[in-house]
Amino acid sequence: MKKIRCPRCDEAILFDETRFEPGRVLVFACPSCQKQFRVRMPAPKPLDAEEERKAYGTLIVLENAFQLRQEIPLYEGENVLGREVKGTAANAAFKTVDPSIDTSHAVVSVRCRQGRTDFFVRDFPSGTGTFVGGELLHGRESVSLEDGTVLTLGAATLIFRDDTQE
């Protein structure tokens, strides 16, 4: 059920939007003031480039005092992890208010070769470092990720899931 409001008296009107095809124009008459008005049913959003790409893995951000639980899809190439802010360069950013997470904190590389997919993580570099399984990554050190690996960025705990395994 969808709720719309009369433009004259602000009366709420409920209707079943699933009965109408996208792009159709509907005409309503307000039961209170008899005002007639039109509403166009929204067309489905086209898939953007990110949604069309195949995700090979997922990072699950665990909920804590700074952020809610989130899932970050990992695509082939470099996935820059960091705090989501307007204009960030991170293509795998997540919502958090933790100031110890940089806007570009770490990089998860996904490489697909000869039917095999490999995952690696390295620090961007960040101000507070990136931890893999409780161990701090040094410099430009790159570590292979296995399903279930725990990453720590600032106060955020992330669990890596390999979506290519069955």
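Mentor: The following discussion covers the overall shape, the sheet, the cysteines and the pocket. Please keep in mind that this is a predicted model.

Trainee: How many helices and strands are there in the protein chain?

Mentor: The protein chain contains one helix and 15 strands.

Trainee: And what is the radius of gyration of the protein chain?

Mentor: The protein chain has a radius of gyration of 23 Å, whereas a compact globule of 166 residues would have one near 15 Å. The C-alpha trace spans about 70 × 40 × 25 Å along its principal axes. Of the 166 residues, 34% are buried.

Trainee: Let us turn to the sheet. In what order do the six strands of the open sheet run?

Mentor: The order is E6-E5-E15-E14-E11-E12, with antiparallel pairing.

Trainee: Which strands stand at the edges?

Mentor: Those are E6 and E12, the latter covering residues 135-136. Each has a single partner strand, so one side of each lacks a neighbour in the sheet.

Trainee: How many bridges join E11 and E12?

Mentor: Two bridges join them, in the antiparallel sense; E11 comprises residues 130-132. Phe-131 stands opposite Leu-136 in E12.

Trainee: A change of topic: how many disulfides does a search of the whole structure find?

Mentor: The search finds zero disulfides.

Trainee: Finally, the largest pocket. How much space lies in it?

Mentor: The largest pocket holds about 160 Å³ of space. Eleven residues line this pocket, and the closest to its centre are Ile-72, Pro-73, Asn-91, Ala-92 and Ala-93.

Trainee: Which elements give two or more residues to that lining?

Mentor: They are strand E6, residues 70-75, and strand E8, residues 92-94. E6 provides the largest share, five residues. Strand E6 therefore contributes to the lining and also stands at an edge of the sheet.

Trainee: What is the make-up of the lining by class?

Mentor: There are six nonpolar, two polar and three charged residues in the lining of the largest pocket.

Terms used
Residues numbered from 1 in each chain as written. Predicted model: local features only at pLDDT ≥ 70, side-chain atom pairs only at ≥ 80, totals over all residues. Heavy atoms only, no water. 1 Å grid on protein atoms, 1.4 Å probe; cavity = no way out; pocket = protein on both sides within 12 Å on 5 of 7 lines; lining within 4 Å. Points joined across faces, edges and corners; volume = space filled by probe spheres on them. Helix = DSSP H or I, 4+ residues; strand = E, 2+ residues; numbered from the N terminus. Nonpolar A, V, L, I, M, F, W, Y, C, P; charged D, E, K, R; others polar. Pairing = 2+ DSSP bridges. Disulfide = S-S within 2.5 Å. Rg over C-alpha atoms; globule rule 2.2 N^0.38 Å. Buried < 20%, exposed > 50% of the residue type's maximum accessible area, 1.4 Å probe, protein only.
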